[in-house]
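I opened a new structure today and kept notes as I went. The entries follow the order in which I looked things up.

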Amino acid sequence: MRVSWKRILAAVILTGASAIGAAATAHAQDDQFLMPEQSEAKARELVKLAVEALGGSAYLNVHDATCTGRLGSFDHSGELTGFGKFIDYAEPPDKERQENLPKRNIISVYNGDKGWDLDRGGVSEAPQSDVADYKEDVQKDIDNILRHRVHEKGIELRYGGADVVDLKQAQWIELVDSDDRTIRIAFADNTHLPIRKTVETRNPRTRFKTGEIEYYSNYHPIDGIQTPFQITRERNGIKIFQVFFDTCKYNTSLSDQLFTKASLDERWAQIPQKEKVRDKKETDRLKEKQKDEEDSDDSPKKN
């Protein structure tokens, strides 16, 4: 399940950490003894077992999902900086709508290469950087990988070896795509379910590497699909957020209208003017506080 929660983080006044760290590396001791064709065949067998464990045809035929839950975010020191409730609507692979609860006055909608935000200032186009981040998350989404990306032309897929991952015997696969992403997924031996994913990317300008890790746990069978109710993401060894799902429903025939700017305009019109004014004042206060903090950070430091 994809988790790209920028606007929801803002809704609960979370400070999105921009920390950097190394991705976990599989112990691929057995990999050196396999020919490339054998390595790919073993990796594809692990993917097949995982898809079956996740729900087989039910998992492969998910058309939409609606999930509610709670989201916590952490700063660069590991301190919890906020906690809030959300609802997420998705039509894989590239349509998503995220709302804060209970007010539903912070909403983010993505539809392919377009995006819109509803916040305390009204409805606006999503920043291009946010749209780019969303599109990147789509490429790294574990469900998109297992359902579709492993079959893409030009994908290099290989066996990554046996390991002990989160105190579980597991086996890794490794996928390298045409954009120079290296994606590793660990599957538990006893369940064949994914328990960890690492993604290593390289900045095309600086050539510096960035490593991200996601942990999947607390699986529940929902509509025939094994669903991880807890997802944790780290970037370069520092925890960014944790998601705790409360409910999930699949294939409820979500309306395409949900993923449009018009739906946000309609929601904005429903918000009482009193709330808009109050929220605007709070937004201005937070912006001023953030500016003061940035100015303080940029000021010369005395020895």
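**Ground rules.** I take helices (H or I, at least four residues) and strands (E, at least two) as DSSP runs, numbered from the N terminus. The model is predicted, so I note that local features need pLDDT of at least 70 and side-chain atom pairs count only at pLDDT 80 or more, while totals for chains, interfaces and linings use all residues. Residues are numbered from 1 along each chain as its sequence is written, and side-chain values use heavy atoms, with hydrogens and water left out.

**Overview.** I counted the elements and got 7 helices and 13 strands in the chain. Next I looked up burial, where buried means under 20% relative accessible area, exposed over 50%, and partly exposed in between (1.4 Å probe, protein chains only). Of the 303 residues in the chain, 47% are buried. I then turned to contacts, meaning heavy atoms within 4.5 Å. Among those between residues at least 6 apart in sequence, 55% join residues at least 24 apart.

**Helix α2.** I checked the length of α2, residues 36-54. The expected span is 1.5 Å times one less than the number of residues. For these 19 residues that gives 27 Å, and the end C-alpha atoms are 27 Å apart, which agrees. Which residues of α2 are buried? I found Ser39, Ala43, Leu46, Val47, Ala50, Val51 and Leu54. Seen down the axis of α2, they fall within an arc of 140°, so they line one face of the helix. The arc is taken from the directions from the helix axis to the C-beta atoms. The face turned away from the buried side carries the exposed residues Glu37, Lys48 and Glu52. Glycine 55 follows α2, and its phi is positive, near 140°.

**Strand β13.** I looked for pairing, which requires that DSSP finds at least two bridges between two strands. Strand β13 (residues 238-250) runs antiparallel to β1 (residues 65-74), and 9 bridges join them. One detail I noted: glycine 72 has glutamine 242 of β13 as its bridge partner. β13 also pairs with β12 (residues 225-235) in the antiparallel sense, over 6 bridges. There, glutamate 234 is the bridge partner of lysine 239. The hairpin of β12 and β13 has 2 residues between the strands, and asparagine 236 takes a positive phi near 50° in it.

**Cores.** A nonpolar core is a set of buried Ala, Val, Leu, Ile, Met, Phe, Trp, Tyr and Cys residues joined through side-chain atoms within 4.5 Å. The largest one has 38 residues, and Leu146, Ile173, Leu175, Ile185, Phe187 and Phe245 touch the most other members. A second, separate core has 11 residues, including Tyr89, Leu118, Phe259 and Ile271.

Where does proline 93 lie? I found proline 93 in the loop between β2 (80-91) and β3. The bond from proline 92 to proline 93 is cis, with omega near 5°. Another cis peptide bond joins leucine 101 and proline 102, with omega about 5°. Proline 102 sits in the loop between β3 and β4 (107-111).

I also looked up positive phi values. Aspartate 180 has phi near 70°. Aspartate 180 is in the loop between β8 (168-176) and β9 (182-188), and is partly exposed at 41% relative accessibility. Asparagine 218 has a positive phi of about 55°, but lies in strand β11 (residues 209-222). Asparagine 218 is partly exposed, with a relative accessible area of 43%.
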